[in-house]
Every structure is written in C-alpha cells, then in structure tokens.
Amino acid sequence: MFRPTHDPGSLSRVTQEIATLAIPTTVESFTADFISRLHNSRGVELAFATKQDLYSALAWTVRKNLIERWLATVAQQRAKKSKIVAYLSAEYLLGRQLDNALLASGLREVALESMASLGLDLDDLAAHEVEPGLGNGGLGRLAACFVDSLATLDIPAVGYGIRYEHGIFRQTFVDGRQVEQPDNWLTLGSPWEFPHPEMSVKVAFGGSVQHQVDAAGIDRASWEPSWQVLAVPYNYLVPGYGTSNVKTLRLWSAKATDAFDLQIFNSGDYEAAVRAQTYAENISKVLYPEDSTPQGKELRLQQQYFFVAASLRDLIRSTGHSVEDLESLPDRVVFQLNDTHPVIAIPELMRLLVDEYRLEWDNAWSITQRVFNYTCHTLLPEALEVWSVELLGRLLPRHLEIIFRINDQFIAELRVQRPGDELRVRRMSIVQEQPYRAVRMAHLATVGSTKVNGVAALHSELLKDKVLADFSELWPDKFTNVTNGVTPRRFVKQANPGLSGLLDESIGTGWVKHLDQLSGLEPLADDPEFRARFRAIKQANKQRLAGVLAQRDGLVINPDAIFDVMVKLLHEYKRQLLKLLHVVTVYDAVRKGELDPASIPARVVIFGAKAAPGYLMAKDIIALINAVGRTINSDPILQGRLQVAFPANYNVTLAEVLIPAADVSEQISLAGKEASGTGNMKFALNGALTIGTLDGANVEIRDLVGDDNFFLVGLTEPEAEAIIAAGYQPSKYYESNPRLKGAIDLIASGVFSDGDPSTFEGIVSDLLWHDRFLVLADYQSYLDGQGRLETAYADQEAWSRSAVLNVARSGFFSSDRSIRDYLDRIWHADPVPTDLT
C-alpha cells in the first residue's frame with residue numbers, strides 16, 4: 001500500500017521558504033498594489049478594466065516583488081567582483097513569464113487569493129499573456145533553462161541576446177500547408193521588460209580601415225565605418241527558485257542613430273525621411289531572417305555582430321577598462337558562445353583590445369582565448385556557419401583583417417607542429433578557399449576558445465572524432481562534454497501540478513532544486529496504489545490536453561487513446577517521415593483488409609513542428625502530414641482507432657500542456673545526427689516512454705532508465721555510416737518490403753491529395769532515390785519497435801511501472817546539473833548568494 005515517505009504537512013513549506021526571501025507580502029498588500037497599478041499605470045477602475053489592463057497590473061505587481069531581489073543581486077555581484085558568466089545566445093525561448101515568476105517568488109497562493117477576493121480568476125489572467133517570440137527551438141529553450149539554473153544556483157551571470165520585434169513566425173496552415181505570419185508578441189507591450197535607452201551602445205558597420213605606424217613602430221588600424229545603429233538594452237528579470245538571486249537577461253533592440261531627417265521630411269520625401277530608421281530597425285525585426293538571398297545572409301550577419309558588439313562593450317563598461325582591468329578580464333569574466341551565431345565576438349574583442357585599448361597583439365590574443373568557450377550544437381556540416389570573405393569584408397572590414405591575422409598565426413604554428421602536412425593545414429584553416437573564400441566560424445571558435453564542448457556523450461565523441469577531429473587530435477584537452485538539461489521548475493513543477501504534488505507528497509519538495517532526489521521514487525514503482533495514482537494523473541493530463549486542443553485548434557481527440565507524440569523542428573534528419581510512414585502503413589493494412597481496426601490499440605499521433613520558411617522539403621512534409629491526418633481522421637473504416645493531430649504554432653505554452661499528457665515520446669532521428677535533444681528529457685521526466693534511436697541524449701536516457709523501459713529502434717551510428725559508405729540504395733528496401741512499398745505507393749497514388757499523384761511526388765522520389773537520412777533503412781526496425789510498444793501498453797500495470805521508473809531515473813537531466821558541469825569543467829565561477837538583510 002502506498003504511504004507518503006514525506007510529511008504532507010511540509011507541502012506548503014517550500015512556498016513559505018521562498019516567501020521569506022523577500023519582503024513578506026500579504027493578500028491585503030498584494031491586492032492594494034494591484035489596484036494601485038490599475039489606477040496609476042493603466043488609468044482605469046477595476047470595474048472598467050479590460051483583460052489586458054488586469055493582466056498588466058498583475059504582472060507589474062508580481063514584478064515589484066522581484067525588483068528588490070534583483071537590485072540586491074546586481075549590487076552584491078558588483079561589490080564582490082566575482083567571476084561573471086556571460087551567456088551569448090541568438091535566441092531565448094522563454095515561455096510565459098507570469099506563472100514562472102509566481103513560482104519563483106512563492107506568491108502563487110497569495111495572488112490566487114488576492115484575485116479571488118476581487119472576483120478574478122488568476123489562471124484566466126495568466127492565460128492572457130502572450131509568449132515572447134524570442135526563440136525557435138531547442139537551442140533557445142536550452143538558453144532559457146540555463147539562465148533559470150544560473151539564477152537558482154546563485155552564479156553571477158548575465159544572458160545577452162536580441163529583443164526581436166516579431167521573433168520567429170507564427171505558424172498557420174492554409175489547405176494543410178505552412179503559412180508564416182508575423183509573431184506580433186509586442187503589440188500590447190511587455191510588462192516584464194525594463195528599457196534603458198540611456199545605456200545604449202553604438203554599433204558600427206561597413207566603411208574602410210586605415211593603417212599607420214605609430215612612434216613605437218607598431219602598425220595601428222583605424223576603422224572608419226560607413227554607418228551605425230544604436231543598440232538599446234531591455235532587461236528581463238530571471239528569478240532563481242528557493243533563493244533571493246534574480247539574474248538579468250539583457251536583450252538588445254536596434255534603433256537608428258538619426259531616426260528622422262526633418263529637412264528631407266519638409267521637402268516632401270516622407271519615405272526617405274525615415275529610411276535610416278527602417279534600415280536600422282530591420283536588424284532586430286525578425287529571428288533568423290530567411291537567408292536564401294544575399295540580403296537575408298547580410299541581415300543575419302548584421303544581427304550576430306550587432307548583439308555581440310553591444311554585449312562586449314556593455315560588460316567591459318561594467319567591469320572596467322583600465323589596462324589592469326582588461327588584463328585581468330579572464331579572472332573576472334567568462335563568455336559562453338551558444339553555437340556559432342555569436343562567434344564574431346572573438347575578433348570583436350580583439351578589435352577592442354588592440355585598436356581601442358591599445359593592448360599588444362599577443363597579450364590581447366591571450367586574453368581573448370582565455371575568456372571565450374564554445375558550445376557546438378550540431379553534427380551536420382551544413383549547420384556549421386561560414387561567412388563569405390566578400391560579405392565580411394564589406395560589412396566588417398576590420399574584423400576580416402583580424403581573422404586573417406589570427407588564421408596566419410594559427411597556420412604558422414600548425415606547420416611547425418605538423419610539418420609537411422599541407423592537407424591538414426587546408427582542412428584546419430579558419431579560411432576556406434573552395435568552393436568560395438569564406439570564414440569557418442566553428443574553426444574560429446575552436447581556435448579562439450579555451451574549451452569546446454558537445455551537448456551529449458555521443459555528440460561530444462562524434463564532435464571529437466569526426467566534425468572537429470583534426471582540432472581534437474591537436475588539442476585533446478580542449479574538448480569536453482556537458483550533457484544538456486531542462487529546468488524542472490517549468491517543465492514539472494509548473495507544467496505538471498498533479499505529478500508535482502504526488503512527488504512532494506512521496507519524496508518531499510527538495511527535488512525541485514535537487515532533481516537527483518527523484519531516485520526516491522524507485523521503490524514506489526512496485527506499489528500498485530502508487531501506480532494507480534500515477535496513471536490517474538496522466539489521464540487527467542490527457543483530458544486537459546484534449547480540452548486545450550479542442551478550444552485552441554478545433555481538434556477533437558480521444559483522451560483514452562495512446563498519446564504518441566513527436567514535437568520538434570521539422571528537419572529531414574529528425575525523420576517525421578518515418579513516423580508518418582508508420583501511420584500510413586497501418587491505414588494501408590486496414591484498407592486492404594489485412595488488419596482488423598478493432599485490433600488496433602486506439603492511438604492519437606500528435607505532431608508539432610515548424611519548418612524554416614525557405615526549407616521547401618520540410619514544408620512539403622508538413623503538408624503531407626496534414627493531408628494524411630485529414631484523410632484518416634475522416635475515414636470511418638478506422639472506427640476512430642487511429643487519429644493524427646497537428647496543432648499549428650507549437651510553442652512553450654502548448655508544450656507545458658502537451659508534454660505531461662504524452663504516453664510515448666518519439667525520438668527517432670538518424671543515429672549520429674542529433675546533437676542532444678531536450679524534448680526527450682522533458683518527456684521522460686513526465687512519465688512518457690521513449691521509442692528512439694541511439695542518437696543524442698537518447699543514449700544516456702536509455703542507459704539510465706534501463707533497456708526494459710525504452711523501445712530501441714534503428715541503426716547505430718557506425719551501422720548507418722557503413723550503409724552510406726557501401727552505396728545506399730533506398731529503392732531496394734522499397735522493393736523488398738511489401739508493407740513499406742504499400743505505404744509509399746499509397747502516398748504516390750494521390751489518396752492523400754485528392755487524387756493528384758504529383759502533389760507529393762517530390763517526397764516520394766526523394767525517399768526512393770536519395771533518402772539521405774535512411775528512413776527506409778530503419779523502417780522495419782521502427783515498425784517492430786512499435787509492435788513491442790503496443791504489446792507493452794496493453795499491460796497497464798507494467799507500463800505504469802516503466803513510466804514511474806523513467807521519472808525516477810531521469811534526475812540527471814536537470815539543467816542545474818548541466819550548469820554545475822559547466823562550472824566544474826569550463827567556467828570555474830563561484831556562487832554569490834544574495835543577502836536581503
């Protein structure tokens with residue numbers, strides 16, 4: 001019989017402990033602050049307030065309770081002059097802020113009672129918040145998790161990025177095809193940001209470089225840019241959980257230095273009068289502008305330089321710029337480059353140190369190499385950014401000179417260490433010569449950093465052995481691994497209150513900051529009463545998701561079915577097509593009378609994915625998924641036993657409802673292609689079982705949760721490489737497997753495209769003749785895995801035991817653990833707790 005292993009009376013203690021970290025807030029004082037905000041900031045009485053008025057006043061009231069903690073954190077961090085972690089990331093996928101702020105501040109119960117006293121519903125007001133459009137996928141969500149953990153662990157830190165006006169696009173479907181709409185998340189303003197125009201930084205572009213020799217015989221460069229923009233900082237507060245620490249996320253918005261020319265306006269040329277403003281503000285207009293055009297490529301490089309140049313100046317301004325300050329910079333600052341987007345920061349720091357602060361080159365290079373570290377997030381060669389020499393020379397001429405000098409110095413040293421090996425020199429050079437002259441940003445990051453890390457054990461090995469093998473062989477100690485993690489505050493405590501309550505009751509509340517304490521659940525996996533409660537929570541989460549999808553998307557799904565979930569960016573290597581072929585195979589078998597629909601376990605296959613606007617194959621795959629869903633969902637032959645649901649515009653807000661409801665987590669990328677993944681971790685922590693390949697962090701998940709609690713499918717990375725090396729012929733798999741042939745033929749026949757065989761011919765032909773990511777090679781293994789999964793699901797007691805063990809054994813995947821690994825292996829920064837007394 002299940003009995004709590006922790007005193008239920010302590011369930012409210014964590015809220016009480018957090019509340020004591022700040023000025024005590026009563027229901028009465030909170031209500032008074034809320035009404036004051038309505039009057040003084042929104043200019044309305046409660047009786048006439050709109051939903052936006054009420055939400056804004058509530059957000060400001062909660063924010064007020066974080067500000068003292070934030071100011072104290074900043075002041076004490078400055079006073080102690082401790083080493084600061086500066087996290088440079090092009091995106092932060094934050095999610096809604098209100099619920100997270102209430103959780104971190106311990107004010108949820110106070111706010112709930114306060115709003116109720118006014119006849120208002122807290123959850124209804126929280127749902128009015130528009131999610132910030134500042135990220136795209138796993139990279140941005142990881143950055144948000146890391147800033148959360150840095151705050152929770154009291155580490156002196158600041159996150160830097162861009163305040164995108166429209167962020168990533170809002171996805172809609174028109175006739176099943178993705179159509180991108182602007183994500184106007186700032187239309188009504190954001191109550192969570194603090195603009196500081198008085199702290200703006202000028203960022204320059206273009207122009208030319210002049211050289212002259214000074215009296216000491218040193219060549220001095222002077223960059224004379226042709227245009228500039230202002231980088232205006234907006235601060236967001238990132239509160240730690242169970243601590244007084246509140247960190248700063250500083251996002252830069254681009255403004256024109258001279259936004260309006262009155263003389264031109266008065267001459268009647270109104271468009272020209274604001275042209276400078278339009279041109280400048282394009283820089284922070286959209287996350288990842290479509291870069292298939294030269295203009296798009298240039299805008300992306302402008303974005304990257306814009307935010308790192310502003311961030312470096314900002315941090316040097318705050319830490320001091322005397323010679324002594326600059327020479328001690330590696331002892332006081334560490335910059336973490338989140339992928340290649342911020343790597344242009346390396347030559348920018350060199351430019352500042354050499355050109356503006358007049359440090360000698362070798363000294364400046366030593367400082368630069370010691371302050372930067374680089375996280376690589378990919379194994380795909382095409383994802384390792386390169387910038388053409390022509391574009392760099394036109395946009396950032398001084399930086400190109402610096403990169404050339406860094407490369408010349410590096411190559412000279414390499415030729416001494418590896419004499420006569422010119423092929424190695426060509427492979428390792430920062431500047432490629434073919435097919436066009438360009439700067440390899442991953443090579444620049446590796447040469448210019450102290451440490452290079454991958455983000456999962458397998459990824460880090462492949463990074464060393466394949467992607468950056470020459471560098472790893474030259475500098476083996478430079479490479480390390482830090483497996484990604486996720487914050488349990490948002491993705492369990494906040495997103496899954498039912499499970500969170502059961503965990504609190506069973507093992508205590510400490511798991512929220514010490515996720516390894518989840519191991520205390522292991523004995524309860526064998527308790528039938530505990531498993532029953534666990535199942536009831538999962539079922540309630542499924543019903544909640546069904547309600548959300550019905551209201552949000554008009555999708556009607558069966559909450560009693562298996563929820564089989566695949567949510568991630570749409571890319572061919574992630575292999576949404578493999579999942580879809582499984583669906584089509586089942587449908588084809590029923591159509592042919594080979595499978596009795598009554599024998600199929602009821603299943604809802606849920607997709608969530610955005611495709612990059614210029615990625616046409618990915619957009620075709622989205623159209624095919626929707627076409628298959630439209631067909632099978634309306635075909636009575638299936639008797640409702642198989643459904644496909646594809647809600648548009650998957651985001652953090654939907655993830656917080658969907659992930660706790662999932663029974664099955666689809667992680668089926670081709671082995672050796674996914675760096676890590678973090679969705680796989682979130683699903684396991686919420687009790688979903690993984691069907692997946694040995695790719696990314698799947699390897700570590702399987703090792704930890706156990707073979708019996710993970711459905712392994714597909715080729716290993718060496719097996720996949722061997723097949724490709726032998727001359728992969730996907731058509732042979734098609735010809736030799738009747739079920740695979742039937743599924744592909746059904747797509748090709750036009751059944752899912754109103755009888756038009758040409759609609760999805762591009763997908764069919766690519767599978768049969770190219771299939772770069774071995775979908776057909778892994779098809780049979782995947783079907784076999786799905787068969788094992790259905791058999792396992794039929795035994796609900798055994799399935800629930802596996803689900804509980806997935807939760808119990810996934811404590812390793814906390815972003816707090818990731819940050820501790822960074823601190824131990826790379827950053828070497830000490831915590832600075834905030835004292836409010």
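The views below all come from a predicted model.

**View 1. Helices α26 and α33 cross.** Helix α26 covers residues 616-633, and helix α33 covers residues 761-769. Their axes come within 9 Å and cross at roughly 110 degrees. The two helices are therefore roughly perpendicular to each other. Their crossing is left-handed. From α26, the contact uses Met617, Asp620, Ile621 and Leu624. From α33, Gly762, Ile763 and Asp766 take part. By class, the residues of this contact are 4 nonpolar, 1 polar and 2 charged.

**View 2. Helices α2 and α3 pack together.** Look for α2 at residues 27-42 and α3 at residues 51-80. The packing angle is about 125 degrees, and the axes are 8 Å apart. That angle makes α2 oblique to α3. The crossing of α2 and α3 is right-handed. On the α2 side, the contact is made by Phe30, Asp33, Phe34, Arg37, Leu38, Ser41 and Arg42. Residues of α3 in the contact include Gln52, Asp53, Leu54, Trp60 and Lys64. The contact of α2 with α3 divides into 8 nonpolar, 4 polar and 6 charged residues.

**View 3. Helices α11 and α14 meet.** Helix α11 spans residues 294-319, and helix α14 spans residues 345-356. Their axes come within 9 Å. The crossing angle is roughly 45 degrees. Helices α11 and α14 are therefore oblique to each other. Their crossing is right-handed. Tyr305, Val308, Ala309, Leu312, Arg313 and Ile316 come from α11. They meet Ala345, Glu348, Leu349, Arg351, Leu352 and Glu356 of α14. This contact of α11 with α14 has 8 nonpolar and 4 charged residues, and no polar ones.

**View 4. Helix α35 and its length.** Helix α35 has 13 residues, numbered 796-808.

**View 5. Lys579 in helix α25.** Lys579 lies in α25, which runs over residues 576-591. Is Lys579 buried or exposed? Its relative accessibility is 0%, so Lys579 counts as buried. Now leave aside the neighbours within four places in sequence. Lys579 is then in contact with Asp564, Met566, Arg603, Val605, Phe607, Glu666, Ile668, Tyr782 and Gln786.

**View 6. Val713 in a loop.** Val713 sits in the loop between β23 (710-712) and α30 (717-725). With a relative accessible area of 3%, Val713 is buried. Which residues does Val713 touch, not counting those up to four places away in sequence? They are Ile668, Ile691, Gly692, Thr693, Leu694, Ser781, Tyr782, Gly785 and Arg788. Ile691 is 22 residues from Val713 along the chain. The C-alpha atoms of Val713 and Ile691 are separated by 7.0 Å.

**View 7. A cis peptide bond at Pro435.** Most peptide bonds are trans. The bond that joins Gln434 and Pro435 is cis. Its omega is about 0 degrees. Pro435 belongs to the loop between β14 (431-432) and β15 (438-440).

View 8. Most residues other than glycine have a negative phi. Asp175 is not a glycine, yet it has a positive phi of about 55 degrees. Asp175 is found in the loop between β3 (170-174) and β4 (177-181). Asp175 is exposed, with a relative accessible area of 73%. Asp771 has a positive phi of about 45 degrees, and it is not a glycine either. Asp771 lies in the loop between α33 and α34 (775-794). At 3% relative accessibility, Asp771 counts as buried.

How values were computed: Residues are numbered from 1 along each chain as its sequence is written. This is a predicted model: local features need pLDDT of at least 70, side-chain atom pairs count only at pLDDT 80 or more; totals for chains, interfaces and linings use all residues. Side-chain values use heavy atoms; hydrogens and water are left out. Helices (H or I, at least four residues) and strands (E, at least two) are DSSP runs, numbered from the N terminus. The expected span of a helix is 1.5 Å times one less than its number of residues. Axes are lines fitted to C-alpha atoms, for helices over the stretch in contact, and angles run from 0 to 180 degrees between N-to-C directions. Angles under 35 degrees count as roughly parallel, over 145 as roughly antiparallel, 65 to 115 as roughly perpendicular and the rest as oblique. A crossing is left-handed if the near helix is turned anticlockwise from the far one by less than a right angle, and right-handed if clockwise. Contact means heavy atoms within 4.5 Å. Ala, Val, Leu, Ile, Met, Phe, Trp, Tyr, Cys and Pro count as nonpolar, Asp, Glu, Lys and Arg as charged, and the others, Gly among them, as polar. Buried means under 20% relative accessible area, exposed over 50%, partly exposed in between (1.4 Å probe, protein chains only).
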